[in-house]
Amino acid sequence: MLTTPSLRRLAAAGLALAAGLTLAACSSSSTSSNPLGGGPASKGSVVIGSANFPENELLAEIYALALQAKGVKVTDKFNIGAREVYYPEIAKGAITIIPEYNGALLTTSVDTTSTAASTSQVDAALDAKLPSTLEILNPSSAQDKDSVTVTQAFAKAHHLTSIAQLKPLAKTMSIGGPPEFKTRTDGLIGLAKNYGLHFKAFVPLDESGPITLAALQDGKVQAADVFTTTPQIITDHLVALADPKFNFAAQNVVPLVYKKGVNSLIINTLNAISAKLTTAGLLAMDKAVILDHASYSTVATGWLKSEGLPY
Amino acid sequence: MTFLSFAWTWLTSRQQWHGADGIPIRLLQHLGYSGLALLVAGLIALPLGVAIGHTGRGAFAIVSLANIWRAIPTLGLLIMMVVYLGFSPLTWLIPLVALAIPPILVNAYEGVLGVDPDLIDAASGMGMTGWQVLRRVEIPVAMPLIMLGLRTAAIFIVATATIAAEIGTGGLGRYIIDGLASNEYGQVAGGAALVVLLALLVQVVFVGLRRLVVPAGLRRAART
(Lines give C-alpha, C1' and ligand atoms only; values in the text may rest on other atoms or scores of the structure.)
Protein backbone atom coordinates (compact mmCIF):
# COMPACT_ATOMS: atom_id res chain seq x y z
CA MET A 1 0.00 0.00 0.00
CA LEU A 2 1.29 3.41 -0.89
CA THR A 3 1.94 5.80 1.86
CA THR A 4 0.00 9.02 1.92
CA PRO A 5 3.03 11.26 1.44
CA SER A 6 4.10 9.44 -1.77
CA LEU A 7 0.59 9.84 -3.23
CA ARG A 8 0.67 13.49 -2.52
CA ARG A 9 4.04 13.84 -4.22
CA LEU A 10 2.72 12.07 -7.29
CA ALA A 11 -0.33 14.32 -7.46
CA ALA A 12 1.82 17.41 -7.13
CA ALA A 13 4.13 16.20 -9.94
CA GLY A 14 1.13 15.57 -12.16
CA LEU A 15 -0.26 19.04 -11.59
CA ALA A 16 3.08 20.63 -12.29
CA LEU A 17 3.42 18.68 -15.49
CA ALA A 18 -0.07 19.66 -16.64
CA ALA A 19 0.59 23.31 -15.89
CA GLY A 20 3.89 23.14 -17.74
CA LEU A 21 2.26 21.64 -20.81
CA THR A 22 -0.43 24.30 -20.81
CA LEU A 23 2.20 27.02 -20.59
CA ALA A 24 4.19 25.46 -23.41
CA ALA A 25 1.08 25.28 -25.56
CA CYS A 26 0.35 28.91 -24.86
CA SER A 27 3.80 30.10 -25.72
CA SER A 28 4.02 28.07 -28.91
CA SER A 29 0.70 29.42 -30.20
CA SER A 30 1.75 32.97 -29.53
CA THR A 31 5.04 32.81 -31.48
CA SER A 32 4.05 30.81 -34.57
CA SER A 33 0.73 30.14 -36.22
CA ASN A 34 2.06 26.96 -37.76
CA PRO A 35 4.16 24.74 -35.48
CA LEU A 36 5.11 22.51 -38.42
CA GLY A 37 6.18 25.37 -40.70
CA GLY A 38 9.81 25.64 -39.65
CA GLY A 39 11.81 28.82 -39.10
CA PRO A 40 10.98 31.17 -42.04
CA ALA A 41 7.24 30.82 -41.54
CA SER A 42 7.43 33.25 -38.71
CA LYS A 43 8.37 35.99 -41.24
CA GLY A 44 5.20 35.42 -43.19
CA SER A 45 4.22 33.73 -46.40
CA VAL A 46 2.70 35.40 -49.46
CA VAL A 47 1.31 34.57 -52.88
CA ILE A 48 2.61 37.03 -55.51
CA GLY A 49 0.57 37.37 -58.69
CA SER A 50 1.15 39.25 -61.92
CA ALA A 51 -0.75 40.30 -65.02
CA ASN A 52 0.04 38.66 -68.33
CA PHE A 53 2.56 41.05 -69.84
CA PRO A 54 6.35 41.13 -69.48
CA GLU A 55 6.78 44.31 -67.44
CA ASN A 56 4.28 43.23 -64.81
CA GLU A 57 5.82 39.79 -64.55
CA LEU A 58 9.24 41.39 -64.14
CA LEU A 59 7.96 43.60 -61.29
CA ALA A 60 6.43 40.55 -59.60
CA GLU A 61 9.79 38.79 -59.90
CA ILE A 62 11.52 41.74 -58.23
CA TYR A 63 9.03 41.64 -55.34
CA ALA A 64 9.43 37.88 -55.04
CA LEU A 65 13.25 37.89 -54.95
CA ALA A 66 13.46 40.71 -52.42
CA LEU A 67 10.90 39.12 -50.10
CA GLN A 68 12.58 35.71 -50.31
CA ALA A 69 15.89 37.33 -49.41
CA LYS A 70 14.19 38.66 -46.26
CA GLY A 71 13.05 35.16 -45.34
CA VAL A 72 9.44 35.49 -46.45
CA LYS A 73 7.99 32.34 -47.96
CA VAL A 74 6.89 33.25 -51.51
CA THR A 75 4.56 31.37 -53.85
CA ASP A 76 4.58 32.57 -57.50
CA LYS A 77 1.34 32.90 -59.41
CA PHE A 78 2.60 34.94 -62.35
CA ASN A 79 1.06 35.58 -65.74
CA ILE A 80 -2.53 35.28 -64.49
CA GLY A 81 -4.28 37.48 -67.05
CA ALA A 82 -5.85 40.90 -67.21
CA ARG A 83 -6.98 42.93 -64.22
CA GLU A 84 -10.53 41.70 -64.69
CA VAL A 85 -9.24 38.21 -63.88
CA TYR A 86 -6.80 38.78 -61.04
CA TYR A 87 -8.53 41.61 -59.18
CA PRO A 88 -11.31 39.43 -57.67
CA GLU A 89 -8.61 36.93 -56.62
CA ILE A 90 -6.62 39.46 -54.61
CA ALA A 91 -9.79 41.03 -53.19
CA LYS A 92 -10.65 37.70 -51.55
CA GLY A 93 -7.06 36.92 -50.54
CA ALA A 94 -6.19 34.11 -52.96
CA ILE A 95 -3.31 36.37 -54.00
CA THR A 96 -1.50 38.52 -51.45
CA ILE A 97 0.56 40.92 -53.57
CA ILE A 98 0.38 42.11 -57.17
CA PRO A 99 2.30 44.91 -58.90
CA GLU A 100 -0.23 47.49 -60.05
CA TYR A 101 -0.49 50.82 -61.85
CA ASN A 102 -2.46 53.21 -59.68
CA GLY A 103 -4.37 55.05 -62.44
CA ALA A 104 -5.42 51.96 -64.35
CA LEU A 105 -6.34 50.15 -61.14
CA LEU A 106 -8.57 53.05 -60.13
CA THR A 107 -10.39 53.50 -63.41
CA THR A 108 -10.83 49.87 -64.45
CA SER A 109 -11.59 48.12 -61.17
CA VAL A 110 -12.24 50.54 -58.33
CA ASP A 111 -14.02 53.65 -59.61
CA THR A 112 -14.63 53.74 -63.34
CA THR A 113 -15.90 57.31 -63.28
CA SER A 114 -12.94 58.81 -61.41
CA THR A 115 -11.26 61.83 -62.95
CA ALA A 116 -8.28 61.85 -60.56
CA ALA A 117 -5.14 62.65 -62.57
CA SER A 118 -2.03 63.34 -60.46
CA THR A 119 -0.28 60.63 -58.45
CA SER A 120 -1.53 62.04 -55.14
CA GLN A 121 -5.12 62.46 -56.39
CA VAL A 122 -5.17 58.91 -57.75
CA ASP A 123 -3.70 57.46 -54.55
CA ALA A 124 -6.14 59.41 -52.39
CA ALA A 125 -9.04 58.13 -54.51
CA LEU A 126 -7.72 54.57 -54.16
CA ASP A 127 -7.30 54.90 -50.40
CA ALA A 128 -10.89 56.07 -50.15
CA LYS A 129 -12.48 53.59 -52.52
CA LEU A 130 -10.53 50.31 -52.33
CA PRO A 131 -12.44 47.51 -50.60
CA SER A 132 -11.51 47.16 -46.92
CA THR A 133 -9.50 43.98 -47.59
CA LEU A 134 -7.04 45.76 -49.89
CA GLU A 135 -4.56 48.59 -49.71
CA ILE A 136 -1.88 50.13 -51.89
CA LEU A 137 1.59 50.64 -50.45
CA ASN A 138 3.87 53.58 -51.33
CA PRO A 139 3.81 54.39 -55.07
CA SER A 140 7.11 54.33 -56.95
CA SER A 141 8.05 57.16 -59.28
CA ALA A 142 8.11 54.66 -62.17
CA GLN A 143 5.18 55.18 -64.52
CA ASP A 144 3.97 53.19 -67.52
CA LYS A 145 1.55 55.60 -69.13
CA ASP A 146 0.62 57.34 -72.36
CA SER A 147 2.89 60.17 -73.37
CA VAL A 148 3.59 62.62 -76.13
CA THR A 149 6.83 61.24 -77.51
CA VAL A 150 9.18 62.80 -80.08
CA THR A 151 12.51 61.77 -81.55
CA GLN A 152 15.66 62.85 -79.71
CA ALA A 153 16.68 64.82 -82.81
CA PHE A 154 13.39 66.75 -82.82
CA ALA A 155 13.61 67.37 -79.07
CA LYS A 156 17.16 68.65 -79.42
CA ALA A 157 16.38 70.90 -82.39
CA HIS A 158 13.53 72.57 -80.50
CA HIS A 159 14.90 72.28 -76.94
CA LEU A 160 11.99 70.18 -75.76
CA THR A 161 11.57 68.41 -72.44
CA SER A 162 7.88 69.01 -71.69
CA ILE A 163 4.58 68.89 -73.57
CA ALA A 164 3.99 72.51 -72.55
CA GLN A 165 6.90 73.60 -74.79
CA LEU A 166 5.08 72.33 -77.89
CA LYS A 167 2.70 75.29 -77.92
CA PRO A 168 4.45 77.35 -80.61
CA LEU A 169 5.19 74.22 -82.69
CA ALA A 170 1.94 72.25 -82.57
CA LYS A 171 0.27 73.93 -85.53
CA THR A 172 3.12 72.75 -87.79
CA MET A 173 3.19 69.21 -86.36
CA SER A 174 1.36 66.00 -87.13
CA ILE A 175 0.66 63.83 -84.12
CA GLY A 176 -0.03 60.09 -84.24
CA GLY A 177 -1.71 57.67 -81.89
CA PRO A 178 -4.29 54.91 -81.78
CA PRO A 179 -7.51 55.91 -83.63
CA GLU A 180 -9.35 56.57 -80.36
CA PHE A 181 -6.74 59.20 -79.40
CA LYS A 182 -8.73 61.58 -81.57
CA THR A 183 -11.83 61.43 -79.39
CA ARG A 184 -10.48 60.41 -75.96
CA THR A 185 -10.63 63.05 -73.24
CA ASP A 186 -6.93 62.54 -72.52
CA GLY A 187 -6.13 62.54 -76.26
CA LEU A 188 -6.37 65.50 -78.60
CA ILE A 189 -9.16 67.01 -76.49
CA GLY A 190 -7.06 66.99 -73.32
CA LEU A 191 -3.96 68.28 -75.09
CA ALA A 192 -5.99 71.24 -76.37
CA LYS A 193 -7.60 71.89 -72.99
CA ASN A 194 -4.58 71.39 -70.72
CA TYR A 195 -1.80 72.75 -72.90
CA GLY A 196 -3.59 74.75 -75.62
CA LEU A 197 -2.14 72.52 -78.33
CA HIS A 198 -3.85 72.39 -81.73
CA PHE A 199 -1.96 70.09 -84.07
CA LYS A 200 -1.85 70.46 -87.84
CA ALA A 201 -3.07 66.90 -88.33
CA PHE A 202 -3.87 63.71 -86.47
CA VAL A 203 -2.68 60.45 -88.03
CA PRO A 204 -4.43 57.32 -86.74
CA LEU A 205 -1.83 54.60 -86.04
CA ASP A 206 -1.62 51.77 -83.50
CA GLU A 207 -1.26 51.48 -79.71
CA SER A 208 2.38 52.31 -79.21
CA GLY A 209 3.27 49.48 -81.61
CA PRO A 210 5.38 49.01 -84.76
CA ILE A 211 3.26 51.35 -86.91
CA THR A 212 3.55 54.23 -84.43
CA LEU A 213 7.29 53.70 -84.02
CA ALA A 214 7.80 53.54 -87.80
CA ALA A 215 5.76 56.74 -88.25
CA LEU A 216 8.02 58.60 -85.79
CA GLN A 217 11.20 57.31 -87.44
CA ASP A 218 9.87 58.06 -90.90
CA GLY A 219 8.81 61.62 -90.04
CA LYS A 220 5.22 60.82 -90.98
CA VAL A 221 4.40 62.29 -87.56
CA GLN A 222 6.55 64.56 -85.40
CA ALA A 223 4.98 63.36 -82.15
CA ALA A 224 3.05 60.27 -81.13
CA ASP A 225 1.31 58.65 -78.18
CA VAL A 226 3.89 56.11 -76.94
CA PHE A 227 3.78 54.28 -73.60
CA THR A 228 6.56 55.53 -71.33
CA THR A 229 8.13 52.11 -70.85
CA THR A 230 8.11 51.05 -74.52
CA PRO A 231 11.63 49.62 -74.92
CA GLN A 232 12.05 51.15 -78.39
CA ILE A 233 12.24 54.54 -76.66
CA ILE A 234 15.85 53.49 -75.99
CA THR A 235 16.68 51.78 -79.29
CA ASP A 236 14.85 54.26 -81.55
CA HIS A 237 16.29 57.29 -79.68
CA LEU A 238 12.97 58.76 -78.58
CA VAL A 239 12.05 61.14 -75.77
CA ALA A 240 8.78 60.94 -73.84
CA LEU A 241 8.00 64.55 -73.00
CA ALA A 242 7.12 65.42 -69.40
CA ASP A 243 3.44 65.90 -68.63
CA PRO A 244 3.43 68.43 -65.75
CA LYS A 245 -0.34 69.02 -65.95
CA PHE A 246 -1.20 65.31 -65.86
CA ASN A 247 -3.10 65.28 -69.14
CA PHE A 248 -2.49 61.55 -68.95
CA ALA A 249 -3.55 60.22 -65.54
CA ALA A 250 -0.75 58.95 -63.30
CA GLN A 251 0.19 55.28 -63.75
CA ASN A 252 2.71 54.79 -60.95
CA VAL A 253 3.87 51.27 -60.25
CA VAL A 254 2.58 50.41 -56.79
CA PRO A 255 2.16 47.14 -54.87
CA LEU A 256 -1.49 46.26 -54.26
CA VAL A 257 -1.73 44.02 -51.19
CA TYR A 258 -4.30 41.93 -49.36
CA LYS A 259 -4.11 43.59 -45.94
CA LYS A 260 -4.39 40.50 -43.74
CA GLY A 261 -1.64 38.71 -45.67
CA VAL A 262 1.18 41.19 -45.10
CA ASN A 263 3.23 42.16 -42.05
CA SER A 264 5.54 45.10 -41.43
CA LEU A 265 8.60 43.25 -42.77
CA ILE A 266 6.83 42.63 -46.08
CA ILE A 267 5.50 46.18 -46.29
CA ASN A 268 8.92 47.70 -45.54
CA THR A 269 10.62 45.50 -48.13
CA LEU A 270 8.13 46.45 -50.86
CA ASN A 271 8.28 50.15 -49.92
CA ALA A 272 12.08 50.03 -50.18
CA ILE A 273 11.71 48.72 -53.75
CA SER A 274 9.20 51.42 -54.68
CA ALA A 275 11.50 54.09 -53.27
CA LYS A 276 14.21 53.09 -55.78
CA LEU A 277 12.11 52.27 -58.84
CA THR A 278 12.12 54.94 -61.58
CA THR A 279 10.63 55.11 -65.07
CA ALA A 280 14.13 55.10 -66.58
CA GLY A 281 15.11 52.06 -64.52
CA LEU A 282 11.94 50.21 -65.47
CA LEU A 283 12.40 51.14 -69.15
CA ALA A 284 15.94 49.73 -69.15
CA MET A 285 14.72 46.51 -67.53
CA ASP A 286 11.85 46.23 -70.02
CA LYS A 287 14.32 46.57 -72.86
CA ALA A 288 16.51 43.81 -71.40
CA VAL A 289 13.54 41.46 -71.04
CA ILE A 290 11.60 42.28 -74.21
CA LEU A 291 14.24 43.15 -76.78
CA ASP A 292 17.35 41.39 -75.44
CA HIS A 293 15.40 38.36 -74.20
CA ALA A 294 17.14 38.27 -70.81
CA SER A 295 15.38 36.17 -68.17
CA TYR A 296 13.16 37.87 -65.60
CA SER A 297 15.24 36.59 -62.70
CA THR A 298 18.54 37.80 -64.21
CA VAL A 299 17.17 41.26 -64.84
CA ALA A 300 15.42 41.47 -61.47
CA THR A 301 18.50 40.29 -59.58
CA GLY A 302 20.72 42.73 -61.47
CA TRP A 303 18.48 45.66 -60.62
CA LEU A 304 18.08 44.75 -56.93
CA LYS A 305 21.87 44.40 -56.67
CA SER A 306 22.57 47.74 -58.38
CA GLU A 307 20.10 49.51 -56.07
CA GLY A 308 21.61 47.94 -52.95
CA LEU A 309 18.45 45.99 -52.13
CA PRO A 310 18.30 42.40 -50.85
CA TYR A 311 18.11 39.72 -53.56
CA MET B 1 -30.96 43.11 -87.76
CA THR B 2 -29.03 45.44 -85.47
CA PHE B 3 -26.25 45.54 -88.04
CA LEU B 4 -28.55 46.93 -90.71
CA SER B 5 -30.25 49.41 -88.40
CA PHE B 6 -26.87 50.62 -87.08
CA ALA B 7 -25.58 50.96 -90.64
CA TRP B 8 -28.73 52.66 -91.87
CA THR B 9 -28.84 55.22 -89.05
CA TRP B 10 -25.21 56.10 -89.65
CA LEU B 11 -25.43 56.21 -93.43
CA THR B 12 -28.50 58.41 -93.44
CA SER B 13 -27.25 61.01 -90.97
CA ARG B 14 -26.36 64.04 -93.00
CA GLN B 15 -23.08 64.87 -91.29
CA GLN B 16 -21.43 61.74 -92.70
CA TRP B 17 -21.68 63.13 -96.20
CA HIS B 18 -19.60 66.28 -95.73
CA GLY B 19 -16.00 67.30 -95.12
CA ALA B 20 -12.63 65.58 -95.22
CA ASP B 21 -13.94 62.62 -93.19
CA GLY B 22 -17.13 62.45 -95.26
CA ILE B 23 -18.30 59.43 -97.22
CA PRO B 24 -17.72 60.93 -100.73
CA ILE B 25 -14.04 61.64 -99.99
CA ARG B 26 -13.48 58.28 -98.28
CA LEU B 27 -15.19 56.49 -101.17
CA LEU B 28 -13.01 58.25 -103.74
CA GLN B 29 -9.88 57.45 -101.73
CA HIS B 30 -10.93 53.82 -101.51
CA LEU B 31 -11.57 53.63 -105.26
CA GLY B 32 -8.23 55.33 -105.89
CA TYR B 33 -6.26 52.82 -103.79
CA SER B 34 -8.17 49.91 -105.30
CA GLY B 35 -7.91 51.10 -108.89
CA LEU B 36 -4.18 51.74 -108.67
CA ALA B 37 -3.57 48.34 -107.05
CA LEU B 38 -5.63 46.56 -109.73
CA LEU B 39 -3.83 48.44 -112.51
CA VAL B 40 -0.36 47.55 -111.20
CA ALA B 41 -1.34 43.93 -110.51
CA GLY B 42 -2.85 43.65 -114.02
CA LEU B 43 0.25 45.11 -115.68
CA ILE B 44 2.40 42.51 -113.93
CA ALA B 45 0.17 39.44 -113.94
CA LEU B 46 -1.63 39.64 -117.31
CA PRO B 47 1.43 39.63 -119.61
CA LEU B 48 3.08 37.00 -117.41
CA GLY B 49 0.01 34.74 -117.36
CA VAL B 50 -0.60 35.08 -121.11
CA ALA B 51 3.08 34.46 -121.91
CA ILE B 52 3.20 31.33 -119.80
CA GLY B 53 -0.04 30.03 -121.31
CA HIS B 54 1.20 30.75 -124.83
CA THR B 55 4.67 29.24 -124.53
CA GLY B 56 4.00 26.70 -121.78
CA ARG B 57 7.43 27.59 -120.38
CA GLY B 58 7.85 27.77 -116.61
CA ALA B 59 4.17 27.09 -116.16
CA PHE B 60 4.46 24.66 -113.27
CA ALA B 61 6.91 26.80 -111.32
CA ILE B 62 5.06 30.10 -111.80
CA VAL B 63 1.58 28.76 -111.16
CA SER B 64 2.72 26.84 -108.08
CA LEU B 65 4.43 29.99 -106.82
CA ALA B 66 1.28 32.04 -107.46
CA ASN B 67 -0.79 29.58 -105.47
CA ILE B 68 1.64 29.50 -102.56
CA TRP B 69 1.74 33.29 -102.78
CA ARG B 70 -1.97 33.38 -101.93
CA ALA B 71 -1.12 32.22 -98.43
CA ILE B 72 0.71 35.47 -97.60
CA PRO B 73 -1.32 37.29 -94.94
CA THR B 74 -2.00 40.74 -96.33
CA LEU B 75 -2.14 42.47 -92.95
CA GLY B 76 1.18 40.92 -91.91
CA LEU B 77 2.76 42.05 -95.16
CA LEU B 78 1.39 45.55 -94.59
CA ILE B 79 2.96 45.83 -91.12
CA MET B 80 6.25 44.47 -92.47
CA MET B 81 6.19 47.07 -95.24
CA VAL B 82 5.63 49.85 -92.68
CA VAL B 83 8.62 48.70 -90.70
CA TYR B 84 10.91 48.42 -93.74
CA LEU B 85 9.56 51.08 -96.12
CA GLY B 86 8.02 53.62 -93.80
CA PHE B 87 4.94 55.40 -95.10
CA SER B 88 5.34 55.70 -98.87
CA PRO B 89 2.37 54.77 -101.12
CA LEU B 90 4.25 51.53 -101.85
CA THR B 91 3.58 50.50 -98.26
CA TRP B 92 -0.10 49.82 -98.89
CA LEU B 93 0.25 49.24 -102.64
CA ILE B 94 2.58 46.23 -102.42
CA PRO B 95 0.32 44.11 -100.15
CA LEU B 96 -2.75 44.87 -102.29
CA VAL B 97 -0.89 44.06 -105.52
CA ALA B 98 0.46 40.87 -103.98
CA LEU B 99 -3.10 39.92 -103.11
CA ALA B 100 -4.37 40.56 -106.64
CA ILE B 101 -1.61 38.90 -108.69
CA PRO B 102 -2.47 35.19 -108.16
CA PRO B 103 -6.09 35.22 -109.45
CA ILE B 104 -5.19 37.37 -112.48
CA LEU B 105 -2.09 35.32 -113.30
CA VAL B 106 -3.63 31.89 -112.89
CA ASN B 107 -6.81 32.72 -114.82
CA ALA B 108 -4.90 34.32 -117.71
CA TYR B 109 -2.62 31.29 -117.87
CA GLU B 110 -5.49 28.79 -117.75
CA GLY B 111 -7.46 30.80 -120.29
CA VAL B 112 -4.68 30.88 -122.89
CA LEU B 113 -3.63 27.29 -122.18
CA GLY B 114 -7.20 26.08 -122.68
CA VAL B 115 -7.58 27.48 -126.21
CA ASP B 116 -8.52 24.64 -128.58
CA PRO B 117 -5.29 23.54 -130.39
CA ASP B 118 -7.33 23.14 -133.61
CA LEU B 119 -8.05 26.88 -133.55
CA ILE B 120 -4.36 27.66 -133.23
CA ASP B 121 -3.52 25.22 -136.01
CA ALA B 122 -6.13 26.82 -138.25
CA ALA B 123 -4.82 30.31 -137.50
CA SER B 124 -1.23 29.26 -138.21
CA GLY B 125 -2.43 27.51 -141.34
CA MET B 126 -3.90 30.81 -142.52
CA GLY B 127 -0.38 32.23 -142.27
CA MET B 128 -0.62 34.10 -138.96
CA THR B 129 2.62 34.66 -137.07
CA GLY B 130 2.89 33.53 -133.44
CA TRP B 131 2.22 37.08 -132.29
CA GLN B 132 -0.85 37.38 -134.49
CA VAL B 133 -2.18 34.04 -133.22
CA LEU B 134 -1.80 35.29 -129.66
CA ARG B 135 -3.43 38.65 -130.32
CA ARG B 136 -6.25 37.61 -132.61
CA VAL B 137 -7.07 34.11 -131.43
CA GLU B 138 -5.68 33.09 -128.04
CA ILE B 139 -6.36 36.28 -126.07
CA PRO B 140 -9.89 36.85 -127.40
CA VAL B 141 -10.78 33.22 -126.75
CA ALA B 142 -9.24 33.37 -123.26
CA MET B 143 -11.05 36.65 -122.49
CA PRO B 144 -13.85 35.17 -120.34
CA LEU B 145 -11.30 33.67 -117.95
CA ILE B 146 -9.05 36.73 -118.05
CA MET B 147 -12.03 38.89 -117.06
CA LEU B 148 -12.94 36.42 -114.33
CA GLY B 149 -9.44 36.75 -112.90
CA LEU B 150 -9.57 40.55 -113.00
CA ARG B 151 -13.01 40.59 -111.41
CA THR B 152 -11.95 38.27 -108.59
CA ALA B 153 -8.86 40.38 -107.99
CA ALA B 154 -10.88 43.62 -108.01
CA ILE B 155 -13.28 42.31 -105.39
CA PHE B 156 -10.39 41.06 -103.24
CA ILE B 157 -8.78 44.48 -103.44
CA VAL B 158 -11.91 46.50 -102.72
CA ALA B 159 -12.66 44.39 -99.66
CA THR B 160 -9.06 44.33 -98.42
CA ALA B 161 -8.12 47.97 -99.09
CA THR B 162 -9.84 48.64 -95.74
CA ILE B 163 -6.70 47.47 -93.94
CA ALA B 164 -4.70 50.35 -95.41
CA ALA B 165 -6.43 52.38 -92.70
CA GLU B 166 -4.27 50.49 -90.16
CA ILE B 167 -1.36 52.67 -91.24
CA GLY B 168 -3.16 55.98 -91.10
CA THR B 169 -4.39 56.28 -94.70
CA GLY B 170 -7.94 57.18 -95.67
CA GLY B 171 -10.47 55.05 -97.51
CA LEU B 172 -13.52 53.24 -96.15
CA GLY B 173 -11.38 51.22 -93.72
CA ARG B 174 -11.06 54.41 -91.62
CA TYR B 175 -14.71 54.06 -90.54
CA ILE B 176 -14.27 50.44 -89.52
CA ILE B 177 -10.98 50.87 -87.65
CA ASP B 178 -11.83 54.20 -86.00
CA GLY B 179 -15.29 52.97 -85.11
CA LEU B 180 -13.95 49.82 -83.47
CA ALA B 181 -11.34 51.81 -81.55
CA SER B 182 -13.92 54.13 -80.04
CA ASN B 183 -16.86 51.69 -79.74
CA GLU B 184 -18.94 53.57 -82.31
CA TYR B 185 -20.60 50.60 -83.90
CA GLY B 186 -22.83 52.63 -86.21
CA GLN B 187 -19.70 53.82 -87.95
CA VAL B 188 -18.30 50.26 -88.11
CA ALA B 189 -21.53 48.87 -89.58
CA GLY B 190 -21.93 51.79 -91.97
CA GLY B 191 -18.34 51.50 -93.21
CA ALA B 192 -18.67 47.74 -93.66
CA ALA B 193 -21.96 48.18 -95.54
CA LEU B 194 -20.31 50.69 -97.88
CA VAL B 195 -17.51 48.20 -98.62
CA VAL B 196 -20.07 45.50 -99.44
CA LEU B 197 -22.00 47.88 -101.71
CA LEU B 198 -18.79 48.88 -103.45
CA ALA B 199 -17.86 45.24 -104.01
CA LEU B 200 -21.29 44.59 -105.53
CA LEU B 201 -20.87 47.63 -107.74
CA VAL B 202 -17.51 46.33 -108.93
CA GLN B 203 -19.20 43.04 -109.78
CA VAL B 204 -21.81 44.86 -111.88
CA VAL B 205 -19.18 46.96 -113.65
CA PHE B 206 -17.27 43.81 -114.59
CA VAL B 207 -20.38 42.17 -115.99
CA GLY B 208 -20.74 45.23 -118.20
CA LEU B 209 -17.06 45.18 -119.17
CA ARG B 210 -17.33 41.53 -120.07
CA ARG B 211 -20.00 42.39 -122.64
CA LEU B 212 -17.60 44.91 -124.15
CA VAL B 213 -14.47 42.79 -124.38
CA VAL B 214 -15.63 39.22 -124.83
CA PRO B 215 -16.36 38.44 -128.49
CA ALA B 216 -20.07 38.00 -129.23
CA GLY B 217 -19.65 34.43 -130.47
CA LEU B 218 -17.96 33.35 -127.24
CA ARG B 219 -20.60 35.04 -125.13
CA ARG B 220 -23.25 33.03 -126.93
CA ALA B 221 -21.20 29.87 -126.51
CA ALA B 222 -20.77 30.52 -122.80
CA ARG B 223 -24.50 30.93 -122.34
CA THR B 224 -25.42 27.56 -123.83
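The legends below accompany close-up views of a predicted model. Residues are numbered from 1 along each chain as its sequence is written, while chains are lettered from A and ligands numbered from 1 in the order in which they are written. In this predicted model, local features need pLDDT of at least 70 and side-chain atom pairs count only at pLDDT 80 or more, whereas totals for chains, interfaces and linings use all residues.

**View 1. The two domains of chain A.** The domain assignment of chain A gives domain 1, made of 43-143 + 251-306, and domain 2, made of 148-240; such bounds come from an automatic or database domain assignment. The C-alpha centres of domain 1 and domain 2 of chain A lie 28 Å apart.

**View 2. Where the domains of chain A touch.** Nine residues of domain 1 of chain A are in contact with six residues of domain 2 of chain A, a contact being two residues whose C-beta atoms, placed from the backbone, lie within 7 Å. On the side of domain 1 of chain A that touches domain 2 of chain A, helix 11 (residues 279-290) of chain A gives the most, with six residues. Helices (H or I, at least four residues) and strands (E, at least two) are DSSP runs, numbered from the N terminus. By class, this side of domain 1 of chain A has four nonpolar, two polar and three charged residues, where Ala, Val, Leu, Ile, Met, Phe, Trp, Tyr, Cys and Pro count as nonpolar, Asp, Glu, Lys and Arg as charged, and the others, Gly among them, as polar.

**View 3. The contact of chain B with chain A.** Twelve residues from chain B and 14 residues from chain A take part in the contact. On the side of chain B that touches chain A, the elements that give two or more residues are helix 4 (74-85) and helix 8 (173-181) of chain B. This side of chain B divides into seven nonpolar, three polar and two charged residues.

**View 4. Helix 3 against helix 5 in chain B.** Chain B has ten helices and zero strands, and the axes of its helix 3 (residues 59-69) and helix 5 (residues 90-113) come within 9 Å and cross at roughly 145°. Axes are lines fitted to C-alpha atoms, for helices over the stretch in contact, and angles run from 0 to 180 degrees between N-to-C directions. Among the residues that make the contact are B:Val63 and B:Trp69 of helix 3 of chain B, together with B:Ile101 and B:Leu105 of helix 5 of chain B. The residues of this contact between helix 3 and helix 5 of chain B comprise ten nonpolar, one polar and no charged.
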